[in-house]
Amino acid sequence: MQQAFIANAIPFALAVIMFGMGLKLRTADFTRVIRYPRAASVGLACQILLLPALALVLVHLIPLRPEFAIGVLLIALSPGGAVSNLFSLLARGDIALSVTLTAISSVLSVVTVPLLLNAALLLLLGEGVEIHLPVGPTMVQIAWITVVPVSLGMLVRYRAPRFAQLTDRPVRYLSFAFLALAVVLILLRERGNLTELLLTAGPAAVLLNILAMALGYGLASLAGIDGARRHTLTIEVGIQNAILATAIAVSPHMLGSTTIAMVPTIYGFTMSLIAFGYVGWAASRTAAQ
C-alpha cells in the first residue's frame, strides 16, 4: 500500500507542479532562445552533455552501491525545474533566460533521460546490467508527467488567464503537500539505508551540485557572459529537477526503486542549502557593484 502510494504520489505531484509551471509560460519562453543564443547554448550544453559526463566521472571515482550511483546519474540527467527559476530570481539573475532554459530542457528530457541513462548504465555496470529504462515507455511516461501538464497549463493560461492566475497558488500547495508526504514515506521505507546513503551518495550528490555550479559559472565566464545571465547559468546548470529524478526512480513503469529515489530525495535538501549560499554570495556581489 505504502509503495503504491509513493509510486503514484510523486509522479502526480510532479505533474501538478509542471501544470503550475505551464500556467506561467508562454510560447515566447520557448522561442526566446533566439535572443540569447550564446547563453542558451552554454546552458543547454552543460545540462545535457557536460553534467552527465561529470556525474559519470564522480561515480567512477567514489565507491557507491549501484543503486546510489544510478541515483547520482539520474540527478545529472534531469533538467532544471521550477525551483531553479526561484533561485535565479533570488540571485538577481535573468529570469527570462532561466524560464527559457527550464522549459526547453524539460521538453528535451523526454528523449535525453532514457537514452543517456541507459548509455551511462552500460558504461557503469557493463552489458550484464539488470537495471535499465525501457526507452519507449519511459519517453511516454516522462511526457505524461512533464510535457503534457505544461502544455495544459499553457493552454489554460491562453484561454483563461484570470483563472490561471487564481489557481496558481492552490495548485502549488496541493502538489507540494503530496510531494512532502511521499518523501516522508520514502525516508521511512528506506530508513535502513539512510546512514549508508548519507556517508556515500550524500557527499557525491553534494560534490555534483557544487562542481555543476562551478561548471556553469566557469563556462559562462569563458564565453564572456557576465552579470545576471552568469548567475542564471550557474543556477540552471547546478540545480537539477530532483522531483523528476525521484518520480523516474519510484515509478513502476520506469526504475521502480525507492532505494534509487533516496539519492535525489537527499539531493533536493542539500541542493537548497548550497543554492541559498550562492544566492547570498551573488546578492552581496551585486550590492557591492
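A search of the whole structure, a predicted model, finds 3 aromatic pairs. Rings of Phe, Tyr and Trp (its six-membered ring) pair if their centres lie within 6.5 Å; planes under 30 degrees apart count as stacked, over 60 as edge-to-face and the rest as tilted. In this predicted model, local features need pLDDT of at least 70, side-chain atom pairs count only at pLDDT 80 or more, and totals for chains, interfaces and linings use all residues. Residues are numbered from 1 along each chain as its sequence is written, and side-chain values use heavy atoms, without hydrogens and water.

**F87 and F276**
- The ring centres of F87 and F276 are 4.9 Å apart and the planes meet at 80°, so this pair is edge-to-face.
- The pair links distant parts of the chain, 189 residues apart: F87 sits in helix 5 and F276 in helix 14 (residues 258-288). Helices are DSSP runs of H or I, at least four residues, numbered from the N terminus.
- F87 is buried at 3% relative accessible area, while F276 is partly exposed at 48%. Buried means under 20%, exposed over 50%, partly exposed in between (1.4 Å probe, protein chains only).

**Y278 and W281**
- With centres 5.6 Å apart and planes at 45°, the rings of Y278 and W281 form a tilted pair.
- Both lie in helix 14, 3 residues apart, about one turn of the helix.

**S84**
- S84 lies in helix 5 (residues 82-90).
- S84 is buried, at 0% relative accessibility.

How values were computed
Helices (H or I, at least four residues) and strands (E, at least two) are DSSP runs, numbered from the N terminus.
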